[in-house]
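Let's walk through this structure together, one part at a time. Keep the sequence and the 3D view side by side as you read.

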Amino acid sequence: MKYEILESNADLQPGDLCMFVYTSKTGSVKYKCGRFATYTVPAHDGAGRYAVLADGRIPQWDGYQLVVAVRPRAEFEDVPIFDTETGVVDRE
């Protein structure tokens, strides 16, 4: 499996790996990681949307900030084995 580091403004897709960080006023640092599931719906115009992880957590509600997001990429190419026009199996 290969991974692609996403730009900071990229839209996340389900399955992307996310890492959030929280720095307290005393300087202690906490991390939360997980797979992205979806975004929240903004409550009103101008409101931000938050990342929802697959386990249902919304780290940004607790003050965490997204540090990095990574998208898994398969190492193989998806090659069709069935020709839909002729109905012939190309490979076995």
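Predicted model: local features only at pLDDT ≥ 70, side-chain atom pairs only at ≥ 80, totals over all residues.

A residue is called buried under 20% relative accessible area, exposed over 50%, and partly exposed in between, using a 1.4 Å probe and protein chains only. Trp61 has 59% relative accessibility, so Trp61 counts as exposed. You can find Trp61 in the loop between β4 (51-53) and β5.

Residues are numbered from 1 along each chain as its sequence is written, and side-chain values use heavy atoms, with hydrogens and water left out.

Now step back to the whole chain. The protein chain has zero helices and five strands, where helices (H or I, at least four residues) and strands (E, at least two) are DSSP runs numbered from the N terminus. Of its 92 residues, 21% count as buried.

Which residues make up the largest nonpolar core? They are Leu6, Leu12, Cys18, Phe20, Phe36, Ala51, Leu53, Tyr64 and Ala69. Such a core is a set of buried Ala, Val, Leu, Ile, Met, Phe, Trp, Tyr and Cys residues joined through side-chain atoms within 4.5 Å. The elements giving two or more residues to this core are β2 (17-23) and β4. Beyond residues up to four places away in sequence, Ala51 touches residues including Leu12, Phe20 and Phe36; contact means heavy atoms within 4.5 Å.

Next, look at Lys32 in strand β3 (residues 29-39). Its side chain is joined to that of Asp62 by a polar contact of 3.3 Å. A polar contact is a pair of N or O atoms within 3.5 Å; within protein, one must be able to donate a hydrogen and the other to accept it, and residues adjacent in sequence count only if both atoms are side-chain atoms. Leaving aside neighbours within four places in sequence, Lys32 is also in contact with Cys18, Phe20 and Tyr64, among others.
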